[in-house]
Amino acid sequence: MTSRHRSSEASKGLNSLPPRRRTVVKAAAASAVLAGPLAAALPARAATDAPAFLHGVASGDPLPDGILLWTRVTPTAEAVPGSGLGPDTAVSWVVARDKAFTDVVAKGSTTATAASDHTVKADIRGLEPATDYWFRFSAGGTDSPVARTRTAPAHDAAVAGLRFGVVSCANWEAGYFTAYRHLAARGDLDAWLHLGDYIYEYKSGEYAARDKVVRPHAPANEIITLADYRVRHARYKTDPDLQALHHTAPVVAIWDDHEFADNAWSGGAVNHTEGAEGTWSARKAAAKQAYFEWMPVRPAIEGTTYRRLRFGRLADLSLLDLRSFRSQQASTASGSVDDPDRTITGRAQLDWLKAGLKASDTTWRLVGNSVMISPFVVGSLSADLLKPLAKLLGLPQEGLAVNTDQWDGYTDDRRELLAHLRSNAIRNTVFLTGDIHMAWANDVPVDAGTYPLSPSAATEFVVTSVTSDNLDDIVKVPEGTVSAIAAPVIRAANRHVHWVDTDRHGYGVLDITAERAQLDYYVLSDRTSPNATSAWTRSYRTRSGTQKVERTYDPV
């Protein structure tokens, strides 16, 4: 580890569920109705037409010689997100080696327009590798907040260590984003990974925290149109803890389903009614446009989020898009989950992933993976636990062996990928996963049915949700109650699972050296409190060459 480091869904609905949308917790809608949904996406500002940077600044997708910068300027009072109003506005940016901007290394300007919701991006190149930089934007005499970012190590650099924050599933209405604040306060992150569900699409009150709306969405309606998605993204970007993390380190993000609609697939979603809510193609296009406007993410192949970043000779990171190309989820655990014509990745993306893993010459091959790849069966859970667990995972409540929204529903793709890792002796592949609102540490066996006699082809660290309901929230019992009972049963039926926590909210910190990759799991004291504290709870690592997870008893 470098001295710099030392110094410091709910238910996954299936087609067997009601076609309109999955069953979710409902709160009193009247309490969440917003009088002005567009204006509500903005924090308070002075009654002036001077430009303002009300949504912070951000950076993302670090390269050895560059970084992507982002902001949104509000040029006039009426130019609120999603309105389509406001004049073209000149926005300049400056990058420096120091926070005081005495050593400027890059600067330039661009134009913010209503056509892009007055968001702007600057893809800066010509920077030094593995270097901290500070940046800000300016418009009409107003400066944005100042933020730190960091470039990736040089392509062939011998890197002693890397440290990433890891998060997923942040539902605005279910609580405060204190997980982001605690990550920002560390001050030691090379970057942070957001593994999907950065926003949620539901109408206000439809998916809250144990039946309670902690803070209402904007807009109050379910988001369907381009204006809706823009307003929802804008609402999230007003969160001070999210802004703080964006101001501290670059993000590397992928989307999952809620950036579109629950249980999205290539041709639709459980939470989309064709006709009544327009066409899926129009809604998907609107969601993608708003995402790339509001996120510091470079559009990748075919306008998706699958792409690859490299961090010297220590690690590369393959980022997946498991929504744009997937087949519709299977409705039961029948033989259809094994149908070779069904796919979660699409042929082109799976070939790209396999080729990249085989060609990789780094010590570690990280895979940003939005849904769990490790097999999971529910075993012999009692009825009182099976029903809420089934609701959380999207299983028929009588009990089936798979959650068909994750890789369990697309077993041919998984078999092909794991066989590729084994036949090519590809070592040190680590899947980093979100989505399931639980924390897991897993081996990824070639054949779960015979594990541990079957070899493990990879390992997987799954982070819990930042705020979205998990199992104890659905059952409405004290935190830790369900996990104490369910976790041993889950592990008994899934011998490749080293640990599972079904109940708590939080985040992970991934620390990588040549010898091991370790994830430290942190939990929050109370997601509904803006002053929630954070505490380390567990750590697991995989040592180089083992393809197995083991517990370690101290955080990095």
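Student: Is arginine 215 buried or exposed?

Tutor: The model is predicted. Arginine 215 lies in the loop between strand E10 (191-194) and helix H3 (226-237). Its relative accessible area is 9%, and a residue counts as buried under 20%. Arginine 215 is therefore buried.

Student: Which side chain does the side chain of arginine 215 join in a polar contact?

Tutor: The side chain of arginine 215 also reaches a backbone atom, the oxygen of glycine 175, at 3.0 Å. Leaving aside neighbours within four places in sequence, the residues in contact with arginine 215 include Trp172, Tyr176 and Phe177. The polar contact between side chains, at 2.8 Å, is with aspartate 239.

Student: Are helices H6 and H8 roughly parallel or roughly antiparallel?

Tutor: The axes of H6 (residues 347-359) and H8 (residues 411-423) come within 10 Å and cross at roughly 15°. Angles under 35 degrees count as roughly parallel. The two helices, H6 and H8, are therefore roughly parallel.

Student: How many charged residues has the contact of H6 with H8?

Tutor: Among the residues that meet there are Arg347 and Asp351 in H6, and Asp413 and Glu416 in H8. By class, the contact has five nonpolar residues and one polar residue, and the charged residues number six.

Note on methods: Residues numbered from 1 in each chain as written. Predicted model: local features only at pLDDT ≥ 70, side-chain atom pairs only at ≥ 80, totals over all residues. Heavy atoms only, no water. Helix = DSSP H or I, 4+ residues; strand = E, 2+ residues; numbered from the N terminus. Buried < 20%, exposed > 50% of the residue type's maximum accessible area, 1.4 Å probe, protein only. Polar contact = N/O pair within 3.5 Å; in protein donor to acceptor, adjacent residues only side chain to side chain. Contact = heavy atoms within 4.5 Å. Axes fitted to C-alpha atoms, helices over the stretch in contact; angles between N-to-C directions. Parallel < 35°, antiparallel > 145°, perpendicular 65-115°, else oblique. Nonpolar A, V, L, I, M, F, W, Y, C, P; charged D, E, K, R; others polar.
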